[in-house]
Every structure is written in structure tokens, then in C-alpha cells.
Amino acid sequence: MERHPEPGISATSPRRGWKIRPYRPQDRKFLEVSLEAHLAEKARLAPLRDLRPSRHWGEPYARYLIALAEDRQGLGLIAEVGGERAGYLLVVPAVPHGMPRWELRSTTFRRPCAAEEMFVLPRFRRTGLGVELLSTGARAFARRGFDWLYAAYHAGHRPEVRIYERFGLRSCSVGVGKWLGSGHRMRRRRLERGSPRPGLLPDAGSRLRLREFRGSDRRFLEESLDAELAERVRHLPSRELTVRRGWGRSYARSLWTEASKPNAWAIVAEWSGTAVGFAFAGIQEHGGWQGRALAFRRACSVSSLYVVPARERLGVGASILRVVEQHARARGCDLIRTFYPEGDRFYAELFRREGYLRNVGVTGVHLSPEGLPLLPPRRSSGRVT
Ligand SMILES: CC(C)(COP(=O)(O)OP(=O)(O)OC[C@H]1O[C@@H](n2cnc3c(N)ncnc32)[C@H](O)[C@@H]1OP(=O)(O)O)[C@@H](O)C(=O)NCCC(=O)NCCS
């Protein structure tokens, strides 16, 4: 599909011999070929190493990316060095897959976009092409009226994390996962090394009851979501994001609708007969690169897990999570995944103790009308915080 030329979607440096330009259908082969190298690299990086792309995965994923690059809504950029294709970036008017819905629903940012894929052939790396691709893509989307840029990253992958850090992207959400298969080596190693699991308090066994979610729990759900949101907003990377009124109710409705679908379930924890926590989970729908790799697995995604503050640290969250895992196993899932807000110590500790690994993250930054300013390099941390 031919695009109408859009002003400002290119950058050149005659001195250094590179050029950034929009994707053209003739670039399809390059995207396909370099994608194979890209995927192999991603598979090595994924902390959940068994998340090996299936052999059948590359091709559908290439088709998916090509469709993104050729879609008028999205933007594919190609970096050339001395006339040779050296890298690409795809930006789409959306949010990265796995972005927690609470964050989306709770905020009033008008138009988010996401850097979906970025890749520079190894021999052209560390010459500034990654920076140029990202700033050209961000500028183009800022001109189209987008005001927030997201990017997902692999936990611990330095180049990726650093490059986003250079543009001021800050971590919003942490993605964690755990293999549910009994014989998984990494999971066992982790659990052996980890601190002892928190058990329920001695009298909790008699007080705590876990059951399926009922229609009469909806009020508890709405109130909890409102309270949770007030807490979570404090962790959002930008204070510019503000809460929508009536958010709790609308989010409760969407969770409930989702839980009513086949292959989804919701658990409520009662403490001495009063609801104190819940979780919503379901078989994961597939999107994004990990999602596509996972299409060949049966993965459970936990979309919301909550314990009222007065009952935190009693083992309620862990108990709910274990019941969710049982359900997932019973439905044949071999992987369970979820996201929590960066900086939330309750979730960080809970998932660590339960043997979950930090796998991916989502970073974000406000886009000014000019795009993204490049910050000076910092020597220290390899993390986006
Ligand atoms: C991430 C990637 C696109 C960066 O491309 P690049 O052209 O090498 O990036 P740049 O030369 O513009 O480097 C920009 C900054 O990123 C950081 N960076 C890049 N490579 C790094 C590395 N190996 N170690 C530490 N920081 C690194 C640095 O801060 C660098 O700035 P500096 O050189 O002034 O210190 C490239 O490494 C790549 O394709 N990796 C594999 C695929 C991937 O991870 N894609 C991202 C997610 S889809």
C-alpha cells in the first residue's frame, strides 16, 4: 500500500552517512529477514527462557508486523547506512500488549502510542541509529497529535532499557510470570533459593474462605477498585495523568463481563465472612510478540489481584494466587502471567515469594509537540525507574 508522504518523517546525516525514512512495501523482505535475527535475540533475552518462540511463530509474527508497518495508522521507519538497510522501528497508535487496563481506564491521557518493535542489525549498533529511529518516530506521532509514548522492554536487557532511559521513559508496569508445569527447572531453582513462603497466620485457616465470585460481590469490587486506584495513582510515572470519575464502576463492569466469558474465572477471599480480596484471571488472548510466541502455549493471565489494606500481610494474596494457579492448571495452562505497577512493594514481594520472575516491563513518557528530548547519558543504573 502506498502512503501519502507525511512531512517530517525522515532524518538524514550526510556526514555520518545514514538516513531514516518511512517503510515502503519493498522493505518487506528486509523486515522478514532481520526479524528472524531479532526474534532469536529476544528469545535469548526473555528471563522466562522456556518462552522459546515456536518454529511456526516467526512467519505469522512477520505478517503481523508487516501489516502494522503498512497500516496507515501505524508508522514503519527504516534506517539506512550508505544505502544499506540497517534497522527498523514500528510505532503504533495503541498501548503495548499487557498494559494493565486499570492504568488505561484510570487516566485521561488522550492519545497514547507505542514503540512496538525496534531493531538495529548488530554491525550498525552503538552508532546512534536506535536514538534516531526513536526520536523520528516520536516526533512523527507528536505531530499527529499523540501525547504519550509507551514501550515494552525485557527486564534486565540493558541496551533497550538504557535507550528508553535516554529519552526519559519511566517504568510504569512490571510483567511477571511463572511456569506451572511441575518439572520446570528454573522455577524449582528459584523457589529453592527464595525466602520461605509466607504461610497463613495460625488462625487464618479457619477465618479465610476462598470461593468463586458472585453477582452480589459487585459492590465490594467497585469500592475496592476505587480505593486501589487512589493508591495506584500515586505510583503513576506522571502526575499529569488524572483519575476519571466513576472509574471503579466502569472497571468493575469490564472485569465482570470478562469473568463471564468461557475460560475466565474470578475468586473472592472472605475473612470471617467478609469479602477482603479478589482475583480475575483467564486464558490469555494473544497479541504482541510474546503473546504470539505464547499462542503455542496455554497461558493464564491474571488481570486483577487485590487485598484490602486491612488484611494485607496475612497470606490472603498468596492464598488467592494459589487458587488461581490451581484453576489455571486444571484448565491445562502451563504458564501464568500478570502485571503490577512499578514501585508497588506489596505485589513485588508477593510475586517474588510465590516464585514469579520479572519478565517484561512497560515504560512511558509524555510526548511534547516536538517529540522527545534526548537526555545526556548516565553512567549508573541499568534500570528504568
Ligand atoms: C536496542 C537497539 C535497537 C539499540 O540500537 P543502537 O543503534 O545500538 O542504539 P544507539 O546507538 O542509538 O544507542 C543509544 C543508547 O542506548 C544505550 N545502549 C545501546 N546499546 C547498549 C549496550 N550494549 N549496553 C548499554 N547501553 C546501550 C546507550 O545508552 C546508547 O547511548 P550511548 O551510545 O550514547 O551510550 C539495538 O541494540 C537492538 O536492535 N537490539 C536488539 C533488539 C531489541 O532489543 N530491540 C528493542 C525492543 S523491540
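Which helix is Ser224 found in? Ser224 sits in helix α8, residues 218-233. Keep in mind that this is a predicted model, where local features need pLDDT of at least 70, side-chain atom pairs count only at pLDDT 80 or more, and totals for chains, interfaces and linings use all residues. Residues are numbered from 1 along each chain as its sequence is written. Helices (H or I, at least four residues) and strands (E, at least two) are DSSP runs, numbered from the N terminus.

**Ser224**
- Ser224 counts as buried because it has 22 C-beta neighbours inside 10 Å; the cut-offs are 20 or more other C-beta atoms within 10 Å for buried, 12 or fewer for exposed, and partly exposed in between, with C-beta atoms placed from the backbone.
- Setting aside neighbours within four places in sequence, Ser224 is in contact with Tyr306 and Val308, contact being C-beta atoms, placed from the backbone, within 7 Å.
- Ser224 and Val308 are 84 residues apart in sequence, yet 7.1 Å apart in space, C-alpha to C-alpha.

**Around the ligand**
- The ligand has 21 residues around it, and Arg125, Gly130, Val131, Pro159 and Arg162 come nearest; a residue is near if its C-beta atom, placed from the backbone, lies within 6 Å.
- Two or more residues of this shell come from each of α1 (28-45), β5 (112-120), α4 (129-143) and α5 (158-166).
- The largest share, six residues, is given by α5.
- By class, the shell has eight nonpolar, five polar and eight charged residues; Ala, Val, Leu, Ile, Met, Phe, Trp, Tyr, Cys and Pro count as nonpolar, Asp, Glu, Lys and Arg as charged, and the others, Gly among them, as polar.

**Helix α4**
- α4 has 15 residues and reaches 21 Å from its first C-alpha to its last, close to the 21 Å expected at 1.5 Å a residue (that is, 1.5 Å times one less than the number of residues).
- This helix is mostly covered, with 11 of its 15 residues buried; among them are Gly130, Glu132 and Phe141.
- After α4 comes Gly145, with a positive phi near 100 degrees.

**Helix α12**
- In α12 (residues 345-353), the buried residues are Tyr347, Leu350 and Phe351.
- Down the axis of α12, those buried residues fall within an arc of 90 degrees, so they line one face of the helix; the arc is that of the directions from the helix axis to the C-beta atoms.
- An α-helix has 3.6 residues a turn, so residues three or four places apart point the same way.
- The buried residues of α12 pack against β7 (170-179), α11 (316-330) and β12 (335-341).
- Gly355 follows α12, and its phi is positive, near 85 degrees.

Notes. Two residues are in contact if their C-beta atoms, placed from the backbone, lie within 7 Å.
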